[in-house]
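Work through the following exercises with the sequence and the model at hand. Each task is followed by a solution in steps.

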Amino acid sequence: MRYCKSVPDLRAIVLCALLFWWPLHNAQAEGIVINKAEIRLTDEGYILATEYQISLTFYVEQALIRGITLNFISEFRLTRSRWYWLDETIAKSEQSYKLSYNPLTRQYRIARGTLFQNFDSLEEALTVLGHQTSSGIAPELLHTKSNYLVSLVRREPGYSAYSRLSLDVSQLPKPLQVNAIAGDDWNLDSGGYTWVLTPADIATARVAAP
């Protein structure tokens, strides 16, 4: 049977309670699912965009509403395959987001660096968190000396994009890290998703650009 040392710290008491409830609730993990992935052309250049559907497990949601901040990592990478050498990385980016809950205001917050946004419901917060985009990719990185990206892709269709969104369990309090490593209840990870960029994708991004 799990037990926790008695301490006056309220945070520790909450963690102990979560550990005690662990075997008492048979919850079904939902996780993170990718709904859509594409490339877009914006004022900042090309961006990779992925839409995720995020469903927290019972344990993750209970920790969140009891004051545990959840750290998510969003990853993007654009590569070009080369038959004569290793794949070339054209661009890559990694962004960190913090999801927290304030019991006084009963609001959820998503923070990225010094920027933050509040939400009245967890569903709203997860919807916004699920819309992820990469940093801008300069168009010149996808140019040749005389050809635009579309011509390059038509001649050498070797561009692929990669995206991933996951909960960073290494940022959890130590008692929860042990359980996160041992079980699947904290396994919120879309897994790496790779898609090929076709000439049609690039042309659509150009046409749809504002």
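**Exercise 1. State what share of the residues of the protein chain counts as buried, and describe the chain as a whole.**

Step 1. Of the 210 residues of the protein chain, 39% are buried, where buried means under 20% relative accessible area, exposed over 50%, and partly exposed in between (1.4 Å probe, protein chains only). The model is predicted: local features need pLDDT of at least 70, side-chain atom pairs count only at pLDDT 80 or more, and totals for chains, interfaces and linings use all residues. Residues are numbered from 1 along each chain as its sequence is written, and side-chain values use heavy atoms, with hydrogens and water left out.

Step 2. The chain exposes about 12500 Å², of which carbon and sulfur atoms supply 51%; accessible areas come from the Shrake-Rupley method with a 1.4 Å probe, and for residues only the protein chains shown count as cover.

Step 3. There are 6 helices and 9 strands, taken as DSSP runs (helices H or I, at least four residues; strands E, at least two) and numbered from the N terminus.

Step 4. Among contacts (heavy atoms within 4.5 Å) with a separation of 6 or more, 64% join residues 24 or more positions apart.

**Exercise 2. Give the strand order of the open sheet of 3 strands, and find what packs on this sheet.**

Step 1. The order is β1-β2-β7, with antiparallel pairing; two strands pair if DSSP finds at least two bridges between them.

Step 2. β1 and β7 (131-133) are the edge strands, each with a single partner, so one side of each has no neighbour in the sheet. On average, neighbouring strands of this sheet are turned by 25 degrees against each other, direction ignored; axes are lines fitted to C-alpha atoms, for helices over the stretch in contact, and angles run from 0 to 180 degrees between N-to-C directions.

Step 3. Strands β1 (residues 31-42) and β2 (residues 45-55) pair over 11 bridges. A hairpin through 2 residues connects β1 to β2, and Gly31 stands opposite Ser55 in β2.

Step 4. β2 and β7 are joined by 3 bridges, and Ala49 has Thr133 in β7 as its bridge partner. Helix α3 (residues 122-129) packs on the sheet and touches β2 and β7, its direction making about 25 degrees with that of β7.

**Exercise 3. Locate Gln117 and list its contacts beyond four places in sequence.**

Step 1. Gln117 belongs to strand β6 (residues 115-119), and its relative accessible area of 42% makes Gln117 partly exposed.

Step 2. Beyond its neighbours within four places in sequence, Gln117 touches Tyr108, Arg109, Ile110 and Val128. Between Gln117 and Val128 there are 11 residues of sequence separation and 9.7 Å from C-alpha to C-alpha.

**Exercise 4. Examine the positive phi angles of Arg106 and Gly67.**

Step 1. Arg106 has a positive phi of about 60 degrees although it is not a glycine. Arg106 lies in the loop between β4 and β5 (107-112) and is exposed, at 63% relative accessible area.

Step 2. Within helix α2 (residues 58-65), the residues Tyr59, Val60, Gln62, Ala63 and Leu64 are buried.
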